[in-house]
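Take a look at the protein below. We will go from the overall fold to a pair of helices, and then to a pocket.

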Amino acid sequence: MKWLFLNIVAVIIFIILYPINLFIVTIKYGFSSDYFRSDAISLDKYGNRSYRTLFNLYLIKKHGYKFGNGNETISSVLGKNQLSNTLTKKGMLLVKFLNFVDKNHCIKSIDNLV
């Protein structure tokens, strides 16, 4: 119970501080800063590890390449499943969205553990 409470507190603090931090970084370094890229990759790796149960249930087929490696991004896992045709309809929809934002995003992200 203690860890659940601490988890909720951490999320609340994150929600409050994240936009403030983004504002300060933008003022100090501008939009061209590598900060946004490295932060996005860190959040992506966190999501892959923390939401593995949800993602494994809804984004990939039972025998697909699994989410959960904290050193791999969600996009990399999606790309591997895209190549092996083991995405669910929801997974394919997410890949299409990411590819809209950045052409061939998931395929380009495979094993890009930077």
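This is a predicted model: local features need pLDDT of at least 70, side-chain atom pairs count only at pLDDT 80 or more; totals for chains, interfaces and linings use all residues.

A helix here is a DSSP run of type H or I with at least four residues, and helices are numbered from the N terminus.

The protein has six helices and zero strands. Read from the N terminus, its elements run α-α-α-α-α-α. The C-alpha trace spans about 40 × 40 × 20 Å along its principal axes. Of the 114 residues, 30% are buried. Now take contacts between residues at least 6 apart in sequence: 52% of them join residues at least 24 apart.

Next, find two helices. H1 covers residues 2–29, and H2 covers residues 35–50. Their axes come within 11 Å and cross at roughly 160°. Angles over 145 degrees count as roughly antiparallel, so H1 is roughly antiparallel to H2. Which residues make the contact? H1 brings Phe14, Tyr18, Asn21, Leu22, Val25 and Thr26. H2 brings Tyr35, Phe36, Asp39 and Leu43. By class, seven of these residues are nonpolar, two are polar and one is charged.

H1 and H2 each supply at least two residues to the lining of the second largest pocket. That pocket holds about 260 Å³ of space. Its lining consists of Asn7, Ala10, Val11, Phe14, Leu43, Tyr46, Gly47 and Tyr51. Which helix gives the most to this lining? H1 does, with four residues. By class, the lining has six nonpolar, two polar and no charged residues. Phe14 and Leu43 belong to this lining, and they also take part in the contact of H1 with H2.

Terms used. Residues are numbered from 1 along each chain as its sequence is written. Side-chain values use heavy atoms; hydrogens and water are left out. Axes are lines fitted to C-alpha atoms, for helices over the stretch in contact, and angles run from 0 to 180 degrees between N-to-C directions. Angles under 35 degrees count as roughly parallel, over 145 as roughly antiparallel, 65 to 115 as roughly perpendicular and the rest as oblique. Contact means heavy atoms within 4.5 Å. Ala, Val, Leu, Ile, Met, Phe, Trp, Tyr, Cys and Pro count as nonpolar, Asp, Glu, Lys and Arg as charged, and the others, Gly among them, as polar. On a 1 Å grid over the protein atoms alone, a cavity is a set of points where a 1.4 Å probe fits but cannot get out, and a pocket is an open set with protein on both sides within 12 Å along at least five of seven lines; lining residues have an atom within 4 Å of a point. Grid points are joined across faces, edges and corners, and a volume is the space filled by probe spheres set on the points. Buried means under 20% relative accessible area, exposed over 50%, partly exposed in between (1.4 Å probe, protein chains only).
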